Amino acid sequence: MNRASADFILFAQHGWADDNRALLGLARALATEQTHVVAPSLSYAQTWLRIAPLIDAVEAIAAEAVARYPAAPIRIIGHSMGGLIWLEVLSRHPQWWDRVHSLVLVASPVGGADLGRLLDPLALGIGIAADLGRSRCAIAEKIATHIPTLVIAGDIDDGSDGTIPVACTRFAHTRFVQLPGLSHAVMRNHPTVASTIAQFWADTSLGDILEHHPEIALLRSLFWMTDGHPRDFPKAKILFTLKDGSTIRAWRSPFGVLHIYVADVEGQCLYSGFIGWFHEAEVWQTLQVIKAEQGIAHQPIRPIRFR
């Protein structure tokens, strides 16, 4: 293929504990004969260690392809950690943004994977766990204001795809599609995922719009807050009601872990997160800030005790 013949460059990046075979199959199902497909297979061992070398590797490969086809639009698909890698690459290269037709994140823990945080709760550097547990919502939302972005999440248990919570895939300024019955691994190369991406490429208004919710954004900005599964939402106690009728709720698990929820006016869970024992004071302080910003009469929020 010569420089003038690529209709678009399609980057497809696999994630943790994986190789490129499934994502390459997905990319080929979506590509035309004139598409330049780039689906690097990263070091399997390295995907267990640190994300920085993986970002560097994908950045170098992408830079070569972008330079080779200077007129071709760019389309990006990232599965799981592959989506996180591409968020980091794009944050380093804002000069590429005008060329990016779309970004599709499939089962990517943008808000931080709860499993990563549980394996390395103090971010000590236990393998790649801390890298996967870190929130990238800030850079993701900035990118999504410039690049049409689709988030696709699987759901096999009313809140997760069996590996990551649905909550951690969601962030503002994107389109969102949830696919019931699809697990994390299956989504790497599934016909429904392929057809959803094809529909989005044809019409970037596909899916639900994820709006900015300032209270959720403030809670997620806490370094130690981790997006979680909403399974225990019905047990949560309402702490206070916001001006728009939505509510902030809390529940403490039998292990003493504090869970915070945001519910809409109809009582449906919009956000679920948890924070470790040593850092929950930050949550209570943040909730007082939210109350003050909402103009709610000052009344100290009493931390929910272990029961």
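Cys168 is buried, at a relative accessible area of 0%. This is a predicted model, so please keep that in mind as we go.

Does Cys168 have a bonding partner, or is its sulfur too far from the closest cysteine sulfur for a bond? It is too far: the closest cysteine sulfur belongs to Cys137, and the separation is 8.7 Å. The cut-off for a disulfide is 2.5 Å between the two sulfur atoms. Cys269 is partly exposed, with a relative accessible area of 28%. The count of disulfides by this rule is zero.

Next, the aromatic rings. How many aromatic pairs does a search of the whole structure find? Seven. One of them is Tyr44 with Trp48: the ring centres are 6.4 Å apart and the planes are at 55°, so this pair is tilted. Both residues are partly exposed, Tyr44 at 47% relative accessibility and Trp48 at 40%. Another pair is Phe223 with Trp224, where the centres are 4.8 Å apart and the planes are at 85°, which makes it edge-to-face. In that pair Phe223 is partly exposed, at 46% relative accessibility, while Trp224 counts as buried, at 16%. Going back to Tyr44 and Trp48, ring pairs link these two and Trp16 into a cluster.

Arg75 places its charged end over the ring of Trp201, 4.6 Å from the ring centre. Arg170 lies over the face of Phe176, and the distance to the ring centre is 4.6 Å.

Last, the pocket. What is the volume of the largest pocket? It is about 670 Å³. The lining is made up of 30 residues, and those nearest the pocket centre are Asp114, Arg117, Leu118, Val257 and Phe274. Two elements give two or more residues to this lining, namely α4, spanning 114-119, and β12, spanning 269-275. By residue class, the lining of the largest pocket has 14 nonpolar, eleven polar and five charged residues.

To recap, there are zero disulfides, seven aromatic pairs, and a largest pocket lined by 30 residues. That is my part; I will take questions now.

Technical notes: Residues numbered from 1 in each chain as written. Predicted model: local features only at pLDDT ≥ 70, side-chain atom pairs only at ≥ 80, totals over all residues. Heavy atoms only, no water. Buried < 20%, exposed > 50% of the residue type's maximum accessible area, 1.4 Å probe, protein only. Phe/Tyr/Trp six-rings, centres within 6.5 Å; stacked < 30°, edge-to-face > 60°. Lys NZ or Arg CZ within 6 Å of the ring centre and 35° of its normal. 1 Å grid on protein atoms, 1.4 Å probe; cavity = no way out; pocket = protein on both sides within 12 Å on 5 of 7 lines; lining within 4 Å. Points joined across faces, edges and corners; volume = space filled by probe spheres on them. Helix = DSSP H or I, 4+ residues; strand = E, 2+ residues; numbered from the N terminus. Nonpolar A, V, L, I, M, F, W, Y, C, P; charged D, E, K, R; others polar.
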